[in-house]
Amino acid sequence: MTKCLIGICGSVLVAAVIVGCGGSSSGSADTGCLGDTEGAGIGSVGAESVTVSGVIEIESQTRVDSDTADDLRLNQATSNNCDDEAQSLPVTGVSGGYLSPVSGGYPVRQGEDFQFTFEADNQDYYSADLQPGDRVSLQVFSDPRVAAPQPRMQIFNQNDRLVFDSADGSGSVPYLHVIESDAGDHVIRVSAASGGPFRYVVIAADGNASSMMNTAYGEADFVPGEAVMSFESGYPSGATSSTMASSLSVDSARELRPGVWHLRRSGVQAMAATDRGQARAETIRWVRDLQSQPDIASASPNYLYEALTTTPDSNPLYDRQWHYPLIGLPVAWQAAARAGEGVGVAVLDTGLFSSAPDTLDNWHPDLLANVLIFGNSVNMDFVTGEADLDNQQGRDQNPADPGDGQPRSSNFHGTHVAGIVAAVDNNQGVVGVANQANLVPVRVLGEAGTGSLGDLIAAIEWASTQPDIDVINLSLGGVGDSQALEDAINAAHNAGKLVVAAAGNQGTDELTFPAAFMNVVGVGAVDGGGVRASYSNIGPSVDLVAPGGDASRDANLDNSADVVVSAWGSDDNGVFEPGYAGLQGTSMAAPHVSGVYALMKAENQALTSGDFKAFLLAGDLTDGVESSEQFEYGAGLINAVKSMDAALSGNIPVVMAGSPSVLTFDQSNTEAQLTLNTYPSTANITITSINTGVDWLEIGPELKTGEAPPATVTVGINTALLDQSNSFATDLQIEYDGDGTPRTLAVPVNVRLIDPNDTRNAGRHYVLLISAGDNGTTAYQTVVSASGGQYSFSFANVEPGDYFLVAGTDVDNNGFICENAEACAEYPVNGLPQVISVTDKPLESLRFSTSFRRPTISQMGLPRVGFEGYRLKSGDGAEQGDIPNRRIESER
């Protein structure tokens with residue numbers, strides 16, 4: 001670690017005097033800069049003007065880097081450049097910061113002559129008291145106009161031993177490290193190895209903390225001009241596509257499953273050809289209007305999902321299937337004499353390699369004998385729209401992968417997944433987990449391995465009605481939540497289909513769908529040593545883990561990167577040739593689980609998806625992990641031997657699961673609904689005991705000892721019994737019996753209240769009143785600093801009108817607040833800003849909150865479109881208000 005040297009570490013930060021914010025304006029220091037006078041407002045004065053004032057609360061356990069670019073600009077930085085100056089980071093806590101290996105200036109924007117600048121700051125230090133199971137993460141963001149950053153994170157334990165270094169191939173940003181055996185004080189060093197300036201968020205979270213890493217608005221992509229809409233139950237059925245299109249004023253409507261429709265507005269799609277941003281914004285406005293209609297249960301954009309894999313290796317060795325011994329598969333095969341025979345596995349993906357993709361044949365030689373095609377009258381290619389590259393353009397009977405002519409593309413992703421599930425044991429290439437299972441290719445992903453929500457729902461609905469299909473493998477995902485998608489999956493689950501999905505490759509605890517849904521088995525990835533792959537997601541999306549590979553490691557010491565080898569293909573110059581490739585991803589992990597289930601069901605044909613979930617929850621299918629590791633590994637690594645033992649025993653355990661898997665409360669969210677699911681669904685369970693271990697956790701009267709569990713139970717906290725200290729945690733333990741074996745459902749509960757003694761600070765905040773008119777100009781601006789864990793702001797002489805009230809930091813001094821990794825506050829709720837109307841009476845005591853975290857798409861209801869932060873006034877224009885902020889969403 002870097003030790004402080006007197007006279008060096010602390011003094012270098014304040015050596016430069018910055019003039020005019022960026023150093024390029026003439027005049028004295030800070031003249032006309034960003035409203036640097038505390039509490040000063042900028043705006044015109046009218047005769048009928050009034051005061052607007054209030055308080056911005058800071059999220060508990062929030063900290064800020066003490067030498068941001070904004071601090072350096074004002075010579076107000078405090079050094080944290082060595083371990084002796086490390087800032088304290090609480091658990092669970094978050095800090096936003098800034099680093100840059102060089103000094104310089106951001107490119108001047110078109111139409112301006114003012115330049116914002118940045119100063120060099122190579123490293124920041126934090127200290128945290130960490131326990132086994134706690135995790136530390138680093139997420140990085142930068143201005144697109146500067147060189148891409150090269151960040152580094154290192155963690156040292158209390159003995160100064162380096163326990164994590166991202167430079168050792170520990171994965172790509174976001175960096176994530178879970179504390180193992182070390183307990184006590186740790187030092188976290190974040191540094192700028194090379195590149196340009198960047199913003200970052202560093203988080204220290206305890207093992208049970210849920211979804212702590214949401215520091216950026218979900219980047220959910222969708223098809224402009226398209227929506228997926230479902231009606232309330234009981235809505236009259238039998239409507240034709242033309243009558244539905246007419247009644248909803250759209251150009252076309254297609255029913256995906258009963259009561260669920262795909263809608264299209266061609267005018268918006270045409271708009272996307274010239275202005276995709278405007279078309280996306282118009283789509284969100286349209287979907288919001290659909291959501292407001294009384295007969296509509298849910299509406300969402302037609303989200304895009306993608307294949308969850310990376311790193312093709314075009315030169316695999318056929319004996320490198322290290323992933324099978326890792327899960328005990330060679331031994332399990334001895335107990336699985338049928339090798340999956342008669343079990344249908346639908347691989348909903350990019351389709352299947354064919355040497356003649358215009359025909360329904362000529363499949364990859366490692367798959368040919370197991371492929372099950374339903375005939376010319378049944379659609380098995382559900383890809384529509386621009387992503388569809390085949391000659392038939394639209395839904396058709398041929399699930400062949402049409403390729404795209406691009407070398408090392410993702411288009412043969414489905415072939416690779418299918419090979420892991422059911423490649424034939426033909427002594428020719430690779431072998432699948434269930435090498436005699438029926439392989440049902442269903443094409444739902446098109447060009448670049450992307451597909452739409454509407455196509456996915458239609459394909460799941462079809463698969464759920466096919467008696468020859470037992471498993472639905474979804475090696476795909478995204479952050480776009482959809483009730484219509486969950487309903488389709490629930491219907492498939494209720495029809496006895498096991499739905500398996502990849503948990504995501506973002507390396508975060510951000511929810512990935514469909515993996516995060518209750519009736520989906522979400523699969524994370526491990527390397528050759530059974531250690532979580534650096535890219536694999538953690539948290540609520542992960543039910544268990546399986547081999548997915550990690551190209552940055554050789555954990556099994558076979559002198560080869562830990563990639564998963566399977567079937568592949570090439571289509572160079574229009575010639576389709578079968579082949580093999582090594583990939584990594586949770587896409588590779590999911591088919592291992594699908595294949596193991598096929599082995600189980602072939603030997604015990606009465607087995608259902610609910611039985612599999614029961615075995616999983618009872619710990620009968622995996623190599624279990626410690627409770628501190630469950631957030632990272634779920635129930636543990638799939639064990640094919642244990643799985644076969646469970647299936648052959650025929651003793652289906654009776655278990656109960658809760659959703660969400662972790663309950664989190666804060667000052668404004670003191671009550672939640674816990675859903676209780678029983679596996680098998682027909683089992684009779686009796687609650688025998690309810691224990692919380694604390695007096696502040698309150699359980700609703702629906703849950704009673706001596707009775708069956710309710711479908712949902714209300715769980716809340718009594719804040720009057722809490723002393724407002726840093727945080728609280730307990731387990732809600734529900735003991736029950738359903739088959740003569742007493743079991744316990746333990747649901748972790750975390751409480752984060754606003755601690756009055758917590759030295760919360762989110763950095764200097766710029767508070768803006770933005771005109772709600774079409775131009776969206778920043779009409780008034782002031783700057784405030786934290787005091788007592790909050791910011792107090794006041795605008796005098798505000799003219800009547802409609803405004804958005806927002807605030808945030810500018811840690812990188814590029815002239816924008818509320819960018820990713822900057823604190824942001826929007827009135828009344830972050831992510832859902834609403835207009836305030838200023839009349840002839842003062843608006844006082846307005847209260848809202850600021851945080852470095854961001855709400856999820858589920859919390860906001862829809863993704864944010866076109867949001868890039870709010871633009872500050874700068875230079876000479878600060879007095880005239882003639883420099884607009886960047887666009888905010890309409891009707892927000």
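The structure is a predicted model, in which local features need pLDDT of at least 70 and side-chain atom pairs count only at pLDDT 80 or more, while totals for chains, interfaces and linings use all residues. Residues are numbered from 1 along each chain as its sequence is written, and side-chain values use heavy atoms, with hydrogens and water left out.

**The chain as a whole**

- The chain holds 14 helices and 49 strands, where helices (H or I, at least four residues) and strands (E, at least two) are DSSP runs numbered from the N terminus.
- Of its 892 residues, 58% count as buried, a term that means under 20% relative accessible area, with exposed meaning over 50% and partly exposed in between (1.4 Å probe, protein chains only).
- Among contacts (heavy atoms within 4.5 Å) between residues at least 6 apart in sequence, 74% join residues at least 24 apart.

**Helix 7 and helix 10**

- The axes of helix 7 (residues 413-422) and helix 10 (residues 586-603) come within 8 Å and cross at roughly 35°; such axes are lines fitted to C-alpha atoms, for helices over the stretch in contact, and angles run from 0 to 180 degrees between N-to-C directions.
- On the side of helix 7, the residues that meet helix 10 are His413, His416, Val417, Ile420 and Val421, and their partners in helix 10 are Ser587, Met588, Pro591, His592 and Gly595.
- By class, this contact of helix 7 with helix 10 has five nonpolar, five polar and no charged residues, where Ala, Val, Leu, Ile, Met, Phe, Trp, Tyr, Cys and Pro count as nonpolar, Asp, Glu, Lys and Arg as charged, and the others, Gly among them, as polar.
- Helix 7 is mostly covered, with 10 of its 10 residues buried.

**Nonpolar cores**

- In the largest nonpolar core, which has 70 residues, Val521, Val523 and Met600 touch the most other members; a nonpolar core is a set of buried Ala, Val, Leu, Ile, Met, Phe, Trp, Tyr and Cys residues joined through side-chain atoms within 4.5 Å.
- The largest share of this core, 10 residues, comes from helix 10.
- Apart from this core lies another, of 61 residues, which includes Phe222, Leu348, Val442 and Ala492.
- Leaving aside neighbours within four places in sequence, the contacts of Val521 include Leu498, Val499, Val593 and Phe612.

**Two buried threonines**

- Thr850 lies in strand 48 (residues 843-850) and counts as buried because its relative accessibility is 1%.
- The side chains of Thr850 and His765 are joined by a polar contact of 2.8 Å, that is, a pair of N or O atoms within 3.5 Å of which, within protein, one must be able to donate a hydrogen and the other to accept it, and residues adjacent in sequence count only if both atoms are side-chain atoms.
- A polar atom of the side chain of Thr850 also lies 3.3 Å from the backbone oxygen of Cys824.
- Thr283 lies in helix 4 (residues 276-291) and counts as buried because its relative accessibility is 0%.
- The side chain of Thr283 reaches the backbone nitrogen of Gly225 at 2.8 Å.

**A loop residue**

- Gln506 lies in the loop between strand 24 (498-502) and strand 25 (521-526), and is partly exposed, with a relative accessible area of 32%.
- Gln506 and Asn537 are 31 residues apart in sequence and 5.9 Å apart in space, C-alpha to C-alpha.
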